Each structure stands twice: as C-alpha cells, then as structure tokens.
Amino acid sequence: MGATTTTDDTRPIVVATDGLKKTYFGKIETPVLHGIDMEVRAGEFVAIIGQSGSGKSTLLNILGALDVPSEGRVLIDGVDIATLSEEGLAALRNRVVGFVFQFHYLLDELSCLENVLTPITISKGEASEEEIARVIGLLKRVGLESQLHKHPDTMSGGQNQRCAIIRALANQPKIVLADEPTGNLDSRSGNEVFNIMREMNRENGVAFIMVTHDDRLAQEADRILMIEDGWVHEVDKGEHRTKLLSSLEKGSAQRPGPN
Amino acid sequence: MNAISLVPLKWRFETRLALRHLMTGGGQTLLTVGAVAAGVIVIIFLTALIFGIRGRLTKTLTEAIPHVIIRVRQPQPVPLSELQDLGAAMSSSRIEKQAPQMKFIDDWQHVVDVVRAVPNVRIALPAVQGQGFASKGGNPFGVTITGADPAQQDEVSPVSRDLIAGRYVGLASDEVVIDYELAKDMSVSVGDRIRITSSAGNTENLSIAGIYSRGQGRGGAYVTLRTGQSLFAMGNSVNVILVKVNQLFGSDEVADRVESLVPYEARSWSREYPSFVSSLNVQAASAYLISGFSLIASSFAIASVLIVFVLQKSKQIGILKSIGATRIQILRVFTLEGLGIAFAGAISGAVIGTLIVYLISLPLQKTARPGHVPDQLFPVAILPEYIFGAMLAAIISTVVAALFPARRAAQMNPIDVMR
C-alpha cells in the first residue's frame with residue numbers, strides 16, 4: 001500500500017523502503033509502522049507529516065540507520081543497510097546521511113565551526129584546509145560568519161539550528177534527515193531555517209526528508225508523504241492546500257500561512 | 001593546540017573531545033583528579049613513613065653491629081626429641097664430647113682475603129672477642145672484650161664517633177677504651193689504670209685511653225688486636241672475622257657464600273634477629289595493603305564520578321553516534337578522559353605527596369646525647385621508585401576504573417538517549 005514516486009523521474013533513488021514494519025516490544029506489543037514502501041530520489045525535498053505518535057520519527061530513525069526495522073528492507077544509496085556492520089552503519093551515518101533534530105544537539109564544548117567540522121574529524125581525525133574553507137563558505141552562506149568561534153550556549157536558537165544544518169551537510173551527504181527542525185523555533189527563525197534547508201537542497205542537490213507538524217512548511221516541499229496509523233500515502237499538494245485553506249477559513253489553523 | 005598534532009590522526013578527534021570534556025568539566029574534573037591525587041599522596045606518605053621507620057630501626061640495630069660474623073663452627077645443642085636416629089643408644093654425652101674444639105681461625109689472613117672478594121662485602125675485620133672481668137681494686141665487673149685494629153673497628157662498630165672522652169684511634173697495646181656505664185661503675189676516668197682478666201685466665205694492666213657512650217649495651221672494652229690475642233692466649237690467631245656489607249638485606253647471601261668458600265660458620269645479622277626482620281616485613285606488607293586499599297577506594301570514587309559524567313553526556317554520545325562516531329571512538333573518548341585524569345592526578349599527587357614528606361622530614365628530635373647530630377622527628381624516606389610506583393599504580397587503576405563507564409557510553413543506543 002502507498003508506493004509513491006512519480007515514474008518519469010530519472011534521478012537515482014537514494015532512499016527506498018520495502019515493506020518496512022516496526023513493532024516495539026515492551027510490556028505490550030506496540031506496532032508503529034505497518035508496511036512502509038517509499039522512494040526518494042536524489043535532490044528531492046520530501047515532507048513527512050502526520051499526527052503525533054504516528055511513527056514519523058521512528059521512520060526517520062530507521063532511514064538514518066539509528067533504529068532497525070522489525071521487518072522489511074531499507075536501501076540507502078542502493079545499499080541494504082541490514083547488510084552493514086557496525087562500522088559500515090557508522091560510516092553511512094557519517095558520509096551518506098546527515099541528521100538535523102528538533103533540538104540543535106550541538107556539542108556545548110565546541111565552537112560553531114568545530115561542531116560543523118565534527119563529522120569530518122570523526123572520520124578523518126583532522127579537516128583539511130579545503131574542507132574548512134568549504135564549511136566556512138556554507139556558514140557564511142547561512143549568515144553565521146560572525147559566529148564561527150562562538151559556542152552554542154551563546155548563540156540564538158535559530159543560529160544554532162542553522163549551524164546544525166551545516167553540520168549535517170559538512171561531509172557532503174546524499175540525504176539529510178530532518179526531524180521537526182523548526183519545531184523548537186519561533187516562526188520567524190523557523191522560516192529562516194526552512195528556507196536555508198530548501199536553498200541547500202537546491203544548490204547542493206542533497207535530498208531532504210523533513211518530518212514536520214507545520215503544514216505550511218510541508219506545502220513548500222516537492223512532495224508530501226503522510227503517515228497515518230502506521231501506513232504512508234502520498235498527499236496531493238493541491239488537495240492538501242485546499243484542505244489547509246479550508247481549515248484556515250474555519251480559523252482552526254494555529255498559524256497564518258507563509259507569504 | 002599544537003600538542004594535538006603529536007597525536008596520531010586516527011585518535012585526534014577522540015583526544016580533542018576528551019580534553020574539551022576535561023577542561024569544561026570544572027568541579028567534576030577536579031574531584032576525580034583530586035581522588036587520584038589523594039590515592040597517590042596516601043601511598044607516597046605511607047611508604048615514606050614505613051620505609052623511613054624501617055630504615056631508622058635497621059640503622060639503629062645494625063650500625064653498631066657486624067652484619068656477618070665468621071667464627072669457628074660450634075655444635076648447636078640439639079633437643080633430644082630431634083635425635084631420632086640414635087634411638088635407644090642416644091646419650092647426653094653427645095654435646096660434652098664435642099665441646100673441646102679448636103675455636104680459633106688460624107688461617108685468618110687467607111679467610112679475610114677470600115671474604116673481601118665476596119660481592120657486597122665492605123669490610124672484613126679480623127678480631128678477638130671474648131668475655132672477661134674489669135676491676136680497679138674493688139669488685140670486678142663483667143666486660144665484653146674486643147681486640148681489633150681501631151681504625152677498622154670504627155667502620156664495623158663505631159667507637160670513635162661515640163667517644164665522650166679521650167681517643168680510640170691510635171690505641172697503644174697497654175691501653176683500653178671502655179664504655180661510660182662501666183667507667184661510672186668503677187669510678188674511673190681517662191688515664192686511670194684498670195685490670196682486665198679474660199675468661200682464658202690471662203690478666204693485663206691497661207690504662208684507659210677513652211670512654212664512649214653508645215646508648216645501648218654496657219660493659220664494652222676495646223683493646224688492640226695484639227692485646228686481645230695475648231689476653232685470650234690465641235698466639236697469632238683470631239676467633240672472629242667481622243664483616244660489614246653494603247646492601248644490608250643482602251647479608252644472608254654473603255653469609256651463605258662465605259660458608260661455601262671457607263670451613264667456618266658465617267651468621268648474618270638478619271638471621272640473628274629473625275623476629276626483627278619479620279616485623280619489618282609485616283610493616284612493609286601492611287603498607288602495601290593500605291596502599292592497595294586506598295587505590296581501590298579512589299578507583300571506586302573515580303568510576304562513580306565518571307558514570308555520572310557519562311550519563312550527563314549520554315545525549316551527546318547519541319549525537320556523536322548519529323553523525324558517525326563508532327563504538328570504539330566513544331570508548332576511546334572516555335578512556336582517554338580517564339587517562340587524562342590519571343596523569344593529572346598522579347603528577348599532582350606526586351608533587352604534593354613529596355612536598356608533604358619533605359616538610360615532615362624537617363623537624364628534628366631533641367637530641368638524647370650531647371654532641372650528636374639530632375635525628376628527624378619523623379623518620380621518612382623519599383624513595384623515587386615508590387613515588388613512580390604509586391603514580392603508575394594510580395594511572396593503571398584509574399584507567400581500569402574509567403573503562404567501565406567508557407564501555408557503558410560506547411554501548412549507548414542513540415535513539416534511547418536522544419528521545
């Protein structure tokens with residue numbers, strides 16, 4: 001159920017799942033994902049929406065090899081991640097996938113620049129001059145040139161989240177997984193951060209998969225996937241917009257739409 | 001930041017992060033470094049004191065006695081119960097039969113040459129020793145007579161050092177040096193003449209050249225070798241060869257070696273005083289034991305602080321794993337932190353411990369005997385090998401203590417800790 005990609009696209013598929021199921025075995029068995037089939041192509045910007053507890057974050061964690069599915073396969077850049085060793089998974093998280101979380105999760109002990117360089121230093125011990133220059137270029141691009149040597153606790157929430165986005169991009173990954181990246185920001189900073197992700201997506205050809213509660217931001221994505229009761233289905237953007245507008249008219253939307 | 005370039009590339013991320021953790025750790029870092037330092041201080045202080053006391057006791061006991069005494073083998077009395085072979089035939093005449101024996105070392109020149117060639121031997125002094133009486137008109141007093149070359153005797157059991165009147169070196173054959181207690185008992189002073197009768201029955205009239213006070217033992221009389229020989233009717237022989245060694249606790253080996261080379265008995269001081277040596281060993285063992293316990297205690301303190309630290313950093317550990325850090329890298333970060341704490345603690349502990357030991361070595365005792373250099377109030381020994389040993393032990397135990405929390409950190413699951 002719910003396989004969802006346009007077929008005339010020739011860009012390579014960077015993320016694919018096949019019958020992905022996830023059940024948590026605690027005191028009681030809690031099935032979260034019932035069978036997710038989805039594909040994301042290189043350079044796409046995909047929004048995942050759904051109710052709280054619908055399994056959005058679980059899906060994202062599985063895609064980023066932080067969690068393992070109970071059943072089904074995950075192919076990242078063509079590789080079945082179930083076949084990877086501990087080191088292989090670490091390398092995948094380091095070089096193929098980048099993460100952005102709701103909280104910036106920068107290391108307090110490190111400056112903005114050092115934080116951004118962490119994925120590179122983890123894999124190589126030391127960043128080269130070129131890498132540092134490239135990363136500083138990205139930080140300038142998102143308006144952080146004056147914050148390079150500041151530590152997270154002296155920067156604003158929006159600045160920290162921008163820094164975290166550049167960290168996710170530092171090793172030039174193919175996919176960035178963003179779990180409610182604007183969820184902890186006021187709407188102005190949230191917009192800024194989203195716009196930066198969209199720009200990075202367009203400029204660098206990195207695929208973004210963004211879990212969000214914010215329908216307004218989801219509208220800005222290339223595609224919208226909705227997770228409902230553990231199943232995924234593609235939402236028609238026009239249809240979604242109509243629904244959104246109608247709910248706005250009823251006055252039930254929390255925030256006004258962008259622009 | 002330049003020091004980091006010495007670290008292999010593969011370890012740089014871990015080293016840098018570990019250093020950052022330590023530098024931003026504040027109170028926690030200080031607490032753990034303090035725990036290691038405390039352990040090291042305890043060990044340094046304890047070993048310094050224990051070995052200082054051991055040194056002083058040993059010195060007090062052995063400086064005035066020969067370390068090895070070589071004499072003619074004498075039959076030891078054997079309890080009848082141990083003479084199983086003799087069975088019904090045994091009789092008590094056994095000891096009596098063997099009693100009249102040659103008691104002199106006639107070939108002492110040869111023996112002295114042989115003994116001097118044994119490693120660790122400092123001095124081998126041929127001497128005559130025996131019991132006798134000293135008198136001046138009135139009652140005789142028992143004396144232990146030693147006849148030996150004064151200059152060499154000073155090296156074996158110092159006399160000149162303890163003189164309170166007169167002289168010892170340059171003693172003439174009609175002169176004697178006696179101890180203060182004996183002089184007091186006989187009411188004599190330097191220049192007076194006394195009679196000394198040996199257990200062999202010979203008597204000499206000798207003039208007192210010096211009086212010494214050693215603070216231990218009484219009734220000593222020192223004469224020249226020649227006078228001793230004539231007092232005991234030994235002709236040209238001696239009855240003991242007194243040996244001093246360089247390494248006190250190697251005197252047993254010297255005694256064994258001498259016995260294998262010459263047909264005489266060699267007794268080392270440590271075999272003469274077995275209970276003293278064993279009490280020293282008990283002391284040393286308890287010092288090691290207490291050191292071990294203090295290391296274990298500080299290891300527990302370090303482990304528990306580091307466990308709390310790892311829990312505090314669990315979110316960060318999750319983040320690092322989500323951006324590609326491997327288990328082994330996380331393990332390294334926290335193990336390196338343990339190593340950093342270990343080195344900082346060991347070095348500061350060694351410095352403070354040595355300083356404390358140095359400071360308590362300064363106060364001196366009120367001297368008991370006039371004219372003597374006063375002893376330290378607290379006998380302490382600053383022993384580099386124990387300081388380095390304490391540092392090494394602390395470093396090893398700290399790293400071992402850090403391994404447990406580090407393993408725990410490495411095994412953390414990122415989604416559990418970031419949820």
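This is a predicted model: local features need pLDDT of at least 70, side-chain atom pairs count only at pLDDT 80 or more; totals for chains, interfaces and linings use all residues.
Chain A contains an open sheet of 4 strands in the order 2-1-4-5, with antiparallel pairing. Its edges are strand 2 (29–41) and strand 5 (79–80) of chain A; each has a single partner strand, so one side of each is left without a neighbour in the sheet. Strand 5 of chain A is joined to strand 4 (residues 71–76) of chain A by 2 bridges in the antiparallel sense. Within strand 5 of chain A, A:V79 stands opposite A:I76.

Another open sheet of chain A is formed by 6 strands in the order 6-7-8-3-9-10, and here the pairing is mixed. Strand 6 and strand 10 (231–235) of chain A stand at the edges of this sheet with a single partner strand each, so that one side of each is left without a neighbour in the sheet. On average, neighbouring strands of this sheet are turned by 20° against each other, direction ignored. Strand 10 of chain A runs antiparallel to strand 9 (residues 223–228) of chain A, and 5 bridges join the two. A:H233 in strand 10 of chain A is the bridge partner of A:M226. Helix 1 (residues 56–63) of chain A packs on the sheet, where it touches strand 3 (45–50), strand 7 (175–179), strand 8 (207–211) and strand 9 of chain A. The direction of helix 1 of chain A makes about 150° with that of strand 8 of chain A.

Between the chains, 23 residues of chain A are in contact with 19 residues of chain B. On the side of chain A that touches chain B, the elements giving two or more residues are helix 2 (86–95) and helix 3 (112–124) of chain A. Helix 2 of chain A supplies the largest share, 6 residues. By type, the residues on this side of chain A are 10 nonpolar, 7 polar and 6 charged.

Helix 2 of chain A also takes part in the surroundings of helix 11 (residues 314–322) of chain B: the buried residues of helix 11 of chain B pack against helix 2 and strand 6 (97–100) of chain A, together with helix 12 (327–361), helix 13 (384–410) and helix 14 (414–418) of chain B. Of the 9 residues of helix 11 of chain B, 7 are buried, so this helix is largely enclosed by the rest of the structure. The buried residues are B:Q316, B:I317, B:G318, B:I319, B:L320, B:K321 and B:S322. After helix 11 of chain B comes B:G324, which has a positive phi near 110°.

Strand 9 (residues 240–245) of chain B is likewise largely enclosed by the rest of the structure, because 6 of its 6 residues are buried. B:V240, B:L242 and B:K244 point one way from this strand, whereas B:I241, B:V243 and B:V245 point the other way. Strand 9 of chain B runs antiparallel to strand 1 (residues 68–71) of chain B, with 4 bridges between them, and B:I241 stands opposite B:I70. Strand 9 of chain B also pairs in the antiparallel sense with strand 2 (residues 121–135) of chain B, over 6 bridges; B:K244 is the bridge partner of B:I123.

The largest nonpolar core has 127 residues, and those with the most contacts inside it are A:I209 and B:V40. Helix 2 (residues 27–62) of chain B gives the most to this core, 12 residues. Beyond its neighbours within four places in sequence, B:V40 is in contact with residues including B:G345, B:A350 and B:M391. Another core, of 53 residues, lies apart from the largest one and has among its members B:V159, B:L163, B:I178 and B:M186.

Notes
Residues are numbered from 1 along each chain as its sequence is written. Chains are lettered from A and ligands numbered from 1 in the order in which they are written. Two strands pair if DSSP finds at least two bridges between them. Two residues are in contact if their C-beta atoms, placed from the backbone, lie within 7 Å. Ala, Val, Leu, Ile, Met, Phe, Trp, Tyr, Cys and Pro count as nonpolar, Asp, Glu, Lys and Arg as charged, and the others, Gly among them, as polar. A nonpolar core is a set of buried Ala, Val, Leu, Ile, Met, Phe, Trp, Tyr and Cys residues joined through C-beta atoms within 7 Å. A residue is buried if 20 or more other C-beta atoms lie within 10 Å of its own, exposed if 12 or fewer, and partly exposed in between; C-beta atoms are placed from the backbone. Axes are lines fitted to C-alpha atoms, for helices over the stretch in contact, and angles run from 0 to 180 degrees between N-to-C directions.
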